[in-house]
Amino acid sequence: MVLAFAFGAALLPLRSHVSVSTAALVLVVPVVVGAVLGGFIAGAASVLAGFLVYDYAFVPPYKTLTVGTAQNWTALVVYVVVMLLVARIVGDLESSRDEARHGRDVMRRLSEVSELLVGDQPVDRLLETIVSSAQKVFNVPGVSLLELEEGRLVVVASAGEALTVEELRHLDPQSGRPIRVGTTSGSSSDLRTVALASSGRAVGILAMRGVPIEPTDSALLNTFANDAALALERAQLREQALRSQLLEEADRFRRGLLGAVSHDLRTPLATIKVASSTLSNRSATLTSEDTAELHRLIEIESDRLTRLVTNLLDMTRIEAGVLTLVRVTTSVHDLVKEALDAMGVTLNDLRTEVDVPDSLPDVSVDPVLMGQVLVNLLDNAQRHAPPQSVITITGELREDRVVLSVADQGPGVPPGDQETIFDRFTQLSTGGRAGLGLTIAKTFVEAHGEQVWYEEVSDGGARFVVSLPSAADAGA
């Protein structure tokens, strides 16, 4: 309205030079500006102000609202009608632009929310994302997400104002009290619930204080609820699948462990049992050599059982994720000597040859873990080597890497098993089962950032090779 009076005042000095129709055209501008800024109502007010200015200042007789001729009446009526139409058209156009801007904003918010929901998140983090996104997008005082547990609704995530005890009691299915459900408009204090359902089953309930008033916001809430339900169901199914996978892995580990333990326990226990029974049989006639041999067998198999228990404890540490390294600068000679001492009389039926040059650099390893690696490789060689054969321990530099190898003259590993020989509880093509020793050896070596692998021997047998971290490289 003010703009119409301002335009009239600015045009008044030129009244003698402009026609009545020209003045009407100039007064269109305030109407358009009013409709753009305030919609149809503001535009209609500008039409009224323009009518008064037009009639008072530019339609003879001047300075009065009296209209002198029919022609002037026609001009005023046409002005009012045309200006009202212009105000309506401009107001509708601006309203359409506002709706378009709001629609783009809605789509942008929905896209942002969808990106948040489609990401792979744990269930607890996804629940927090759903409630925080709902509160931010729909600008409501508070949002809570509830799930049904043992017949009762329990709040699993909330953002903003939390639900009161009375409101929770009201939402309880056993309360028998009705609540509003859906996305229809309401006051900001209303508590409404929106069901999150997917694949024909409810996965949660979204409780909101107040719901969107705009129709586009209600549609957005429906879309948000569907996306949230799908994301929540997917996260729940993923966790269920992970739990099932872990249970299957645990069951496979249990069965494999039982198989491996029974495989490794059977022979030493049987030997100890036979030897001890023979020694305790008073009717048996034994020479001193026989008695010494039986005692030696008991000692050998007891050492083997000790190594088995050590491997089981090591496997427990590996599964629990508590394996730690304590690196010490050690000579390769010392590692080999301690491993041979640990084997004790177990290798008495075999000849051992050690070829470790004095020029080999020291290595930075955990001597306990790496010593167990060598013991396991020697035990594996002893179990597969023929009596009176040779086990060779070699140390060398290969492409500036320190490596130790343990070779035996046994049957070797079939080609089909060479890739899986280090896998836990692997079933060999020959019908036997690999024990824990090689698996633990591989784990301990890889914990050092190194590798262990199998090599064929040209004249028969098997060679297992371990790379060791040089102390010089570790210091650098």
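Student: How many salt bridges does a search of the whole structure find?

Tutor: This is a predicted model, where local features need pLDDT of at least 70, side-chain atom pairs count only at pLDDT 80 or more, and totals for chains, interfaces and linings use all residues. Residues are numbered from 1 along each chain as its sequence is written, and side-chain values use heavy atoms, with hydrogens and water left out. A salt bridge here is a side-chain nitrogen of Lys or Arg within 4 Å of a carboxyl oxygen of Asp or Glu. Over the whole structure, the search gives 11 salt bridges.

Student: Why are glutamate 239 and arginine 243 separated by about one helical turn?

Tutor: The two form a salt bridge, with their closest N and O atoms 3.9 Å apart. Both sit in helix α7 (residues 215-280); helices are DSSP runs of H or I, at least four residues, and strands are runs of E, at least two, numbered from the N terminus. They are about one helical turn apart because their spacing in α7 is 4 residues.

Student: Is arginine 296 buried or exposed?

Tutor: Arginine 296 meets glutamate 293 in a salt bridge, 2.9 Å from N to O. Buried means under 20% relative accessible area, exposed over 50%, and partly exposed in between (1.4 Å probe, protein chains only). Glutamate 293, at 33%, is partly exposed. Arginine 296 has a relative accessible area of 18%, so the class is buried.

Student: Which residue forms a salt bridge with glutamate 450, and how many residues apart are they?

Tutor: The partner is arginine 401, with closest N and O atoms 3.6 Å apart. Glutamate 450 lies in the loop between α11 (437-447) and β11 (452-456), and arginine 401 in strand β10 (residues 401-408). The pair links distant parts of the chain: glutamate 450 and arginine 401 are 49 residues apart.

Student: Which residues are linked in a network of salt bridges?

Tutor: Side chains of opposite charge can pair when their charged atoms come close. The linked residues are Glu396, Arg398, Glu455 and Arg463.

Student: At what angle do the axes of α9 and α10 cross?

Tutor: Axes are lines fitted to C-alpha atoms, for helices over the stretch in contact, and angles run from 0 to 180 degrees between N-to-C directions. Helix α9 spans residues 332-343 and helix α10 residues 367-384; their axes come within 9 Å. The crossing angle is roughly 55°. Angles under 35 degrees count as roughly parallel, over 145 as roughly antiparallel, 65 to 115 as roughly perpendicular and the rest as oblique, so α9 is oblique to α10.

Student: How many nonpolar residues does the contact of α9 with α10 have?

Tutor: Contact means heavy atoms within 4.5 Å. The contact includes Leu335 and Met343 of α9, and Met370 and Leu374 of α10. Ala, Val, Leu, Ile, Met, Phe, Trp, Tyr, Cys and Pro count as nonpolar, Asp, Glu, Lys and Arg as charged, and the others, Gly among them, as polar. Beside 1 polar and 1 charged, the nonpolar count is 11.

Student: How many charged residues does the contact of α10 with α11 have?

Tutor: The helices pack at about 150°, with axes 9 Å apart, which makes α10 roughly antiparallel to α11. Among the contact residues are Asn376 of α10 and Phe444 of α11. The classes are 9 nonpolar and 4 polar, and the charged count is none.
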